[in-house]
Each structure stands twice: as C-alpha cells, then as structure tokens.
Amino acid sequence: MSAGEVDLLTAMIAEGALALVLFYSLLARRKITVGRRTADILLILLSAASIFAYVDFGRLRMGPRDNPHDFFHYYVGAKYSPELGYTNLYRCTLVADMEANEAFKRPTSIRNLEDYHYESVSRVLSNAGQYKALFEPARWDEFCVDVEHFRSLLPHSRWNRLFKDKGYNATPVWNMVGRFLTNRAPTDSELAMALLVALDPALVVVMLLFVARAFGWRAALFALIFHTTNFMMSFLAIKASFLRLDWVTLMVISVCLLKLRHYKSAGMALAYAAAVRIFPLIFAFGLGVRCVSHLIRTRTIHRGHLGFFVLFLLVILVLVGAAALDHGGVGSWNDFYDKITMHNDDVHSFRVGFKYVFLMTYGRDHEPWSTFAADVQNTFKDRRVVWWTILGAVLIISAYVVRNLEDYEAVAFGAVPTFFLVAPTYYYYVYLLIPLFLFLPKLAQLDRALGLVGMFAFSIAAFILSQFFHLDLSLTFLLSCMMLALVLYMTVVALRCDPHLQHGVAALGRSLRARPRRWVAVAVLVAGVSGGLILRSVFRVGPVHHSKTSVLMLTLCTVRADHLGCYGYERDVSPNIDRLAADGFRFQRVLAQAPWTRSGVAAIITGMYPRSLNIEDPENQENYRKLHDDFTTMAEVMHEYGCYTIGVTANPNTNAVFGFDQGYDHYDDPGALWQDGYGRKNIWSSADVNRRFLSHLDTLADGTRFFAHLVYIDAHSPLIHKLEVDKDDNFTLPPRSERKRVDTYDLQISHLDENIGLLRAELARRGYGEDLLIVINADHGEAFQERHPMDQGHSRRVYNSTIWVPWILHHPKLGRTLSTFDGMVEQIDMLPTLLDLLGIPPSSASRGKSALAGASRVSVLTDQDAAEEVAWSVVRTQFRGADKAAVVTPEHKLILNFDWQVEADWTRQGKKGPYHHPPEFELYAYWDDWLEQDNRYAQDAELAATLRGYYETWKRDYPPLVELDEIRVTDKDIARSKEQLRNIGYAGDDDENVDTEDADRTDPAGDAVEAPKSNS
C-alpha cells in the first residue's frame, strides 16, 4: 500500500467521524433515540479502523527499524546525555563510526550543534581524543556498540544525512527519564527495544481510559479516531520512537482529572508535561485566570485551584531539581536554555504557528534559504512592536473569555494563546487532542458540534493538500492559516459563554436574519479576497505544481546543441528529442559551465559554479576530486520532496566514488566494469542505461513518484574515435577522417535518440505519461576541427563548439504561452528552475556551504517580457595542463588563455601540444561570429578590459568553498577509477583529443570495437 493510499484511507475514516459528529449532534439537540444504536455501531467500527490508521495500515511495524533516525536521537541523546550534552552528539558519533568503519564513505562535514553551521569531518576527527575523553573506557565501548546498531539500520545516504540534522533538544527532565529507560534497554535486545516503542501506545490506552471515565465511552472513541487520523500524527517523526507522546497524553489526562474535580492530580499531570516539553506551561494560563477571577469576585481562593497550582509548582520544582542532580548540577539547564533559544530563533520551513502567518513566509522569492531566513529575522525585528501588541491583545482577550468556561475547558482553551506564542514543528500539533475537549463533551450545542466538525475537516483538508504540496513552507503556511481559523472559532465559542455578550450575539443574529443578502455579500467578499491572496501566494510558484509529478532528467554526454534538429541541425538525427522540444519548452542559448563532464554535471545538479565546488584541480592532470557532501544535490532535494530517487550513469566521471550518488535511493554506475578493457560488452549504451533504470523502477509500487537522472555516454569522443559506422546506415562516409568522425557522432546521437523515444513509450505504458516532467540537457559539447586541425574533442577548450549545450523541458501540463527562450542562460540555472517549476521552495537546495548560484527561469515559460537573461557568465576549465576561462555576454565573448605561454613554448620546441598555439586573449562577437574566426581583442581593448573586470568580479564572488583535503579521492578509489577514466580520455598519458587516421583501432584485448546498437 502506497503512502498516498494510506492518507486516503485515513482521511476517509476522518470523514466518517465527521458525519457521525453531525448525526450525534442532531440526535442530542432533537432528543431523538432512534438511530443511536446504529450510530454507536458505526462509531465502534470506525474506531477499530482508526487503530489500523495508527500503524499506517500495516506499512508501519511500530519498531525502531521504522524510524531509526528519531530513535537514534532520543535513545543515544538521552542515554549518554551526561557525556554528550547538547552539542557533541554528532561529533562523538562520527568518531565512534570512524573507529568501527574506517573504509565507510562518510560525510565531509557535519552540523555544528553549537551554532547550526557546519564543521569539517577532518577537523572533528583531528580532535577525536578530546571527544573520547568525555567517556569512561567501558562507557565509550558501549556507546560505540549503540552507534553501530543504529548505523546498521540506516542506508549510507540516510546515515550521512543524519549528521546534518539539528541535534537533540529534549529537556533535562526528559533526559533523566529517557536515560533511566535506555540504560535498561540495550540495543542488542529486540525485546527491550520493542518495549520502548510500546510505551507510547500504552500511554494512549491509559489516556483513553481516563477520557472514558470523565466524558464517556463515545467521547473516548471519538478521541481515538481524531488522534489516529490527525494529519500531524501521520508522520514517523512522532511514531515508532519512544516517549514522543508522553506529554500530550498527560495533558489530556489532566483535562480529564479536572472534569472529575481531581485538581491535585491534574496539576501533577500537567506539571510533568510542562517539565518535558516546556510549552504545555501555556495551557495552565486559562485556569490561572479563572483562579484570579474567582479571588477578585469572592475574595477567596478556590480550594481546587489552590491544590492544582500548589502540586503543579511542587512537581515542577522536584523534577527540575532531580534532573539537575542527575546531571551533576544546574549546568544542564543552562545548556538546554542556550540550545532551545537558538533552536527557536532559527527559521524553519517545518514549523506551524501564528509567527509564520504574521511574517507571511509564503511570499518568499526564490533566493537562497540563508538569505530568506535572515530577511525573515530582520523583518521580525522590524515588526517587534506590532508583534508584542498582537500578543498582548491575544492574552487580554483570552483572559476575558476563559472566565466563563469550566475549569477543564479553560485548559483546553490554552491552545489559543499557545498558537500565538510559540511555533513548534508541525508534528507537535498532536496537541490538538487538548482543544478537542472544548467541543466534544457538548455536542448538543450546535456551535460545539461545528467546532468538532471543523477539527476533523482540518485533518481531511491537510491530507488533501499534502497530495499537492510538499511538506515545506507552502503547506506549513496553509496549516498555520487553518490553525488560525480554528483558534479564532474557539475564541468565538468561548465568547458565547459570556452572558454580557449573549445580547450582542442575539442582536447580530437578528441583523443577519433581517438583511441576509448584505451579510452574505460581505462574507463572500472577505472570503474571496483572503482566499484569493492565499491561493495566489501558494500557486504562483510554478505551472507544474502537482505532488504526483515524476521527473526524468536525461544528461546527454558530449552532445552539442547544434547537432540536434530542434536547434537547427540539417540532419534528421534526433526526431524524438525534437518532438519533445516542439511540444515542450526549449532554451536556445545555454552555456555549459565547463567543457568536461564532472564539472558540467556538478553544476547542473547543485546549481553552483564548479569553482565554488572546487572540483577542478590544475595541479593534478587526472583531476581526482569529488563533489563535497555539503553541496546539496538535485536528488537530495527531490528525495525530500517525496520522490523515490534513481540514478544510472554510464560515465565513470559521475561514479559514486566522486560523490555523485548523494541523495539517491538507488545509484548504478559502471564501477569496475571497464577496468579490464574497453570491449563492446563492457560499454553501457543508452539502451543498457534505460534497461537498468526500468528494471529498478519495476521493483517499486505502481505509480510511485520518482526522480531519475540518467547519464548517457553514447556520443563521447573516445567512443567515436574507436567505433565504426554501420555501412547500411543512410549516413555517407566521406574520405576525410574528421568527416567520418562527425558521421559516427551523428549516428550515435541517432541511436541515443531512438532509445529516448523507446524509454518514453515504456514509461507511458507504466502510467507515467500524464505526470512526467522530462528534462534534457548535456554536460558539454564536442569540437570537430571547426577552427583548426588540432581543435577537436573537449575538456581543454572553451570555444562555442564545446560550451553550447541543449536544455529542453517537457510536461503535458506546462500551460505555456511560449515554446522557446532566446536569451542566454547557464547550467547553474537548471536546478532552481526545476524546483520553481515543481513548486518546491529552494530551502533544501541551500543547505551546506553556500546557496544556489543560478536563478529560476520559470517566468520565461509564461511571460518572456518579464524574464531577464543572464547579463554575463564565466566558463572555466582547468584540466590536464589547460587553464582557460571565457567571459560571455549576450553580444561578446572574451577568452582568457592563462596557459598560452606553455603552449607557445611547446610550439617553439616543436612539440605536439593539445591544440594549436592560441594568443593570450581572444575577443569575439559571441553569436554573430559563432565559429570564432575574427579575434577583435586588439581592435576593442576597452571592451576586453571591461570583460576582464567581470572575470575578476566573478573570482571574488565565487571563491572555492571547500578545502582540497576534504574532496580529494583516496588512493584506493583512484586505483579503482583510473582505468575507467583513461578509457574515455580523462586520465593517463593518452590524449583524447589527438586525432588518428586509424578508424579501426582495437581495444586492449585486441578485439575490434563496434558501435553499440540500439536494443530496440
């Protein structure tokens, strides 16, 4: 059963409960007994079904293996809290992991829990002794065992992402309780771990027994249904761990005890909830107001209130003191205060509360998350006076309205000031169980019944919205708006209990009855304006905003744009790609950020310049650098968006060893396949890549939303050096070797295009035709002696033949008014555009060292006049002795040959360099002189100087963001990859760009190499 089906069934149970609420309310108001037995039977059946909803209808086994991420934080964080404190959880875990798994591919940086920035793994490991010294030797050994247990439960990618979370934030009281339990539940005992998980369901059962005792069995069953169908309860973050629900169950028990007039016990229960989660303190506000109000009216203290608050304060003092003694002093509370203050000040996309409505966080533009967060914090400071004025008014109104509520209702009403005062993470809204009891016990009153209907409708609406919106700013903003509506309604219900206001309410009712059309018009106008603003803010992010959208990104290695029909090529080599472009959207002038694979693909999937990634190495011609883990990839963002992520690459430059597997649930690369030679059977053609992708897709449930990145290598230059053209093909074979090479190149593109068409048909057959976004791009182009006999291949040159690449978007529901954009764009624009198109805020894409360097280009899909093209861009290559850059504007292009002197020396010595001797600077009319034949540098020195200034600005604005020792591939991995890269011309002494007249060269095994045919 898929997650979407689970959500649908859960929402259906909530809908059934909503209907029963209305039916019970009708029976109570009309005092009808007929039908009650039927309603009772349906209620029992629904409550039984809701138990299955609690465990996601069998998808959740309720064990630590279901939620190892949260279980790790709470188990390890509590058990070793005296040693770890609140800041050393990830550091010590990393050191322990290193001791047990030295060869394991771990992240290059982890979250620094002291300031939420990142620190390098090498720095942490250099201080390993310092962190081990926090433990006694035996305790360290036990810690290592526990770390190894949780590491074994998580795949490598998720284990590495664990180090990027924001730590462990439970209070010292929870630490004390959790440490007592975890020290008696070893990780190697399945029974002990299962018992820990069973604590929360057991507390829920106890809670329901109290509800039944206080409000009746029907109320208990409604509470069970609401709890299990509450949207906030549907996430693993609040289930399948231990003691995640202790505070909320104790709060409900406190409400029940107040109803039963057991004030002292109620105070003790609420005190424990406040001691382990802090914000439940706010729920005591209403009862405190009633206590003061009673004192003012009668000059006496209500004995029940006095007992409640005496025991409430006493229990808190005892728990706080016990926790301090357990942790060796009050220092643990100081540390907790510092940690939780930083945590609350941090802006997060998963939080729900009035603060995020107040700041209108939906309205963010697609700037980096760090910039957005800083803007929100600055805005909050600027509006601080307004903020405190609103909070003051809320507290005054709340104090006024709770005077006329019953004691248990006053506690339930605490949800109103809580919503305004704090903005906890979404799953803490399981506390909606508390305000449930403002409505549930009095269904005979229509306003209470409608309130309960609204609470069930809240969850139903949230489940529906979650099918259209990723759980991020858009959805949490909508949840905050719905919560605002709920607490306002609660305030209205409480106001109706005030006898002085009942006359005003009656007068309003008479006015409504007397002039219904006027009031209906006003209500429609207000609802339309406010609803329109909210919908516009959420839906404005992109034309393909749908949760069912899967993404297929096809990177065509070495395919230059002008060899595709949709970009004007005269040969009919790409009919399938051309058809996608005709039915989709094509960017006409797309610049590669570098003329070789690893840099180009890295720019595509991170939205950042290769210079910032520091992925090129001018000192090492083999370029054995990898993608740093701190730079969030497209796959990681799509994984967070809810897609199953699949990567298949035929190019070893994007192997996992170079860090390109980040964020994938499944990643397939050539591995060691090419180590033993370059025979035909070891080459992954586009058909092979497709077959591997489809075979894995078939293991998933039908309709699973996916993000797939397929990297094809069919047209790569060493292949076309060594491959024969099929003599039966329609392509002609002129006698010149280079012409033959172009023919082979076109033939390989033709085979590639054919397999793209077959792949699209297969995906449509599997049901992905209507909700599939196809992205076609390339890493770089290829030169065919356009400028000079030695100008061929790629990697070492930045001429147009190697940096003009295709970029095509296709989706049946794009809803565009244009089909092309002629302005200049870059590879770094691809990630932000994809996120914008799907309606995904780029918050996830800006975690790590820096934010996105590119900009969204979605506006060009609908309004070209509103789109700005790139003012200028830089292409850079530092590869095997080459050191070049190009500054490109829409009109001009300046090439800076930093290696010109080296090549001049080669020429003077009669040596055969990689290509002809270039001048130090070259200046061309970018688009008008596409073949770059007329160097205008001497004639236009002033323009050249301006463009050189652009380059210096670019170098200053985009420095390398990681150190070399953090991204250099190990010697062991180099040995594994060296032969693979040599075979495609990226390593060793072979020169991939030196032409040969021998079109029938053999592979190292001595067998002639033929073109891999399409497997159609």
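Buried here means under 20% relative accessible area, exposed means over 50%, and partly exposed is whatever falls in between, worked out with a 1.4 Å probe on protein chains only. The views below come from a predicted model, where local features need pLDDT of at least 70, side-chain atom pairs count only at pLDDT 80 or more, and totals for chains, interfaces and linings use all residues. Residues are numbered from 1 along each chain as its sequence is written, and side-chain values use heavy atoms, leaving out hydrogens and water.

**View 1. Ile278, a non-glycine with positive phi.** Ile278 sits in the loop between helix 14 and helix 15; helices (H or I, at least four residues) and strands (E, at least two) are DSSP runs, numbered from the N terminus. Its phi is positive, about 65°, although Ile278 is not a glycine. With a relative accessible area of 36%, Ile278 is partly exposed.

View 2. Helix 16 covers residues 303-326, and its 24 residues should span 34 Å at 1.5 Å a residue (the expected span is 1.5 Å times one less than the number of residues). The end C-alpha atoms are 34 Å apart, which agrees. Buried residues in this helix include Gly304, Phe308, Leu311, Val315 and Leu319. An α-helix has 3.6 residues a turn, so residues three or four places apart point the same way. Among the elements covering the buried residues of helix 16 are helix 10 (172-182), helix 13 (246-259) and helix 17 (331-345). After helix 16 comes Gly328, with a positive phi near 80°.

**View 3. Helix 3 crossing helix 5.** The axes of helix 3 (residues 68-79) and helix 5 (residues 89-100) come within 11 Å and cross at roughly 95°. Axes are lines fitted to C-alpha atoms, for helices over the stretch in contact, with angles from 0 to 180 degrees between N-to-C directions. That makes the two helices roughly perpendicular (65 to 115 degrees; under 35 is roughly parallel, over 145 roughly antiparallel and the rest oblique). Phe72, His73, Val76 and Gly77 of helix 3 meet Leu89, Tyr90 and Thr93 of helix 5, contact meaning heavy atoms within 4.5 Å.

**View 4. Tyr431 in the largest nonpolar core.** A nonpolar core is a set of buried Ala, Val, Leu, Ile, Met, Phe, Trp, Tyr and Cys residues joined through side-chain atoms within 4.5 Å. The largest has 181 residues, and Phe143, Trp247, Tyr431, Phe456 and Met483 touch the most other members. Helix 25 (residues 473-495) gives the most to this core, with 13 residues. Leaving aside neighbours within four places in sequence, the contacts of Tyr431 include Trp247, Phe279, Phe283, Phe419 and Met483.

**View 5. Pro960 up against Asn614.** Pro960 is in the loop between helix 39 (941-957) and helix 40 (964-967), and is partly exposed at a relative accessible area of 39%. Not counting residues up to four places away in sequence, Pro960 touches Arg611, Ser612 and Asn614. The C-alpha atoms of Pro960 and Ile615 are separated by 8.9 Å, though the two are 345 residues apart along the chain. Asn614 lies in the loop between helix 30 (610-613) and helix 31 (634-641). Asn614 is buried, with a relative accessible area of 15%, and has a positive phi of about 55° although it is not a glycine.
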